[in-house]
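Please examine the sequence and the model shown here. The paragraphs that follow lead through the strands, the cores and the pocket.

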Amino acid sequence: MSRIEKDFLGSIELSDLELYGIHTKRAFANFNVSGKSVDKDLIKALVMVKKACAIANYEVGLLDEKIKDAIVFACDEILAGKYDDQFIVDRFQGGAGTSTNMNVNEVIANIALIHIGRKPGEYDIIHPINHVNMSQSTNDVYPTALRIATIWNVRELSEEIAELQKSLQKKEHEFEDVIKAGRTQLQDALPVTLGQEFGAYAQAISRDRWRLYKVEERLRVVNLGATAVGTGVNAPLKYIFKVIEILRNLTKIGLARSDYLMDATQNADVFVECSGLLKALAVNLSKIANDLRLLSSGPNTGFNEINLPAVQAGSSIMPGKVNPVIPELINTIAFQVMANDFAITLAAQAGQLELNAFLPLIANNLLESLKILKNGIKIFRQQCIDGITANKEKCLEYAKKTPAIAASLIDKIGYDKAAEIAKKAIIENKQIIDVVKDLNIMDEKEAQELLNPFEFIKFKE
């Protein structure tokens, strides 16, 4: 069976198995560039918004109860995951999200029609715009849905960040007595512990967790009720107040109506802020990954201070080679998040006057960053961090050999003399303590006390 749908541009034939309509069909043809449809979380959030709007419109007397019930039923069916294949519009699109909004409107309308015993396309009974989109515009429902979808993903990401922080703190305690050479600018520096290095990683990740926790405050402010340009045309004031309350209950998120609806309709800076925090997280993750790759390098010609879990063979030609593929995955994810952030920045600043036409790009990149970070961090923790072991003897060897421990001699013999000793140790490939003994600068007991690597990791009183 098929049907003909019309708009002011003409008519299109659709199968009755296609529960979207003419607007979706046109958008699919116009924007089929990536082969990937709109993120499911954004669709789910939009459907929740539609459900809240239908209930609010009914409660303020704008929508017939039978139509409201049919729309709510359709929304619940979609939220249960039964019609994912009907949301076909490409995630890259023009029009500020109008095509996505219309895809949702049409699918809801046709499911609702089937539910009451009618055929898809009988829009004189339940209309995608007149009923499903009542009191709304793409320009308020789409940004509202994007905020909701972002909050869901921020919360899931925050949970993974918390677990990573715990794993890093566990390694901090596990490696608290593993003394090693510190390095600054990849040159030998004063001794530290491997535990201190992991503790510093945990501190950085804890800041990322806190930043994301705070950004939710701005994401909870929505512009639902603003309609097209932020003036609330076609949306009664009673409805505007009612719909936020209903949506808050449906999502279990403390949503609040923006005090200035036009601002929340025009500007996308909250998404830039959120993306910027994801970029900061990506920077910290990439730095940690870089360090782990370096510390595990070798095993015979590199640092070889730690062992990463071996998760797969590393070469098709070099037997026994194992590569740090999980840290490399984290680097890759970080690069993508940074690239996404730049695209989001460009899209947000390109908004003009009362609307930003590029919200679909912002939505795609922001939700992608959230998802790949969440999934990547879980893999990083489970398949890398938790299984790291220390090569304690190698670390101690480096700690004893670093010429930087000559710094402990400065108070005793002065900087210039200490520098000469460090240079001599490097040239002769000796430990500092052996050079001190050779030069008979002080007795052996005092030298042992001053040049003990474990003394360098303590704060002096």
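Helices (H or I, at least four residues) and strands (E, at least two) are DSSP runs, numbered from the N terminus. The model is predicted, so local features need pLDDT of at least 70 and side-chain atom pairs count only at pLDDT 80 or more, while totals for chains, interfaces and linings use all residues. Residues are numbered from 1 along each chain as its sequence is written, and side-chain values use heavy atoms, without hydrogens and water.

A hairpin of 2 residues links β1 to β2, and Arg3 stands opposite Leu14 in β2.

The interior comes next. A nonpolar core is a set of buried (under 20% relative accessible area, 1.4 Å probe, protein chains only) Ala, Val, Leu, Ile, Met, Phe, Trp, Tyr and Cys residues joined through side-chain atoms within 4.5 Å. The largest such core has 111 residues, of which Leu292 and Phe380 touch the most other members. Helix α6 (residues 138-174) gives the largest share of this core, 13 residues. Another core, of 14 residues, lies apart from it and includes Ile405 and Leu451.

Finally, there is the largest pocket, lined by 22 residues, with Ser296, Gly298, Val322, Asn323 and Pro324 nearest its centre. A pocket is an open set of points on a 1 Å grid over the protein atoms alone, where a 1.4 Å probe fits, with protein on both sides within 12 Å along at least five of seven lines; lining residues have an atom within 4 Å of a point. Helix α11 supplies the largest share of this lining, 3 residues.

How values were computed:
Pairing = 2+ DSSP bridges. Buried < 20%, exposed > 50% of the residue type's maximum accessible area, 1.4 Å probe, protein only.
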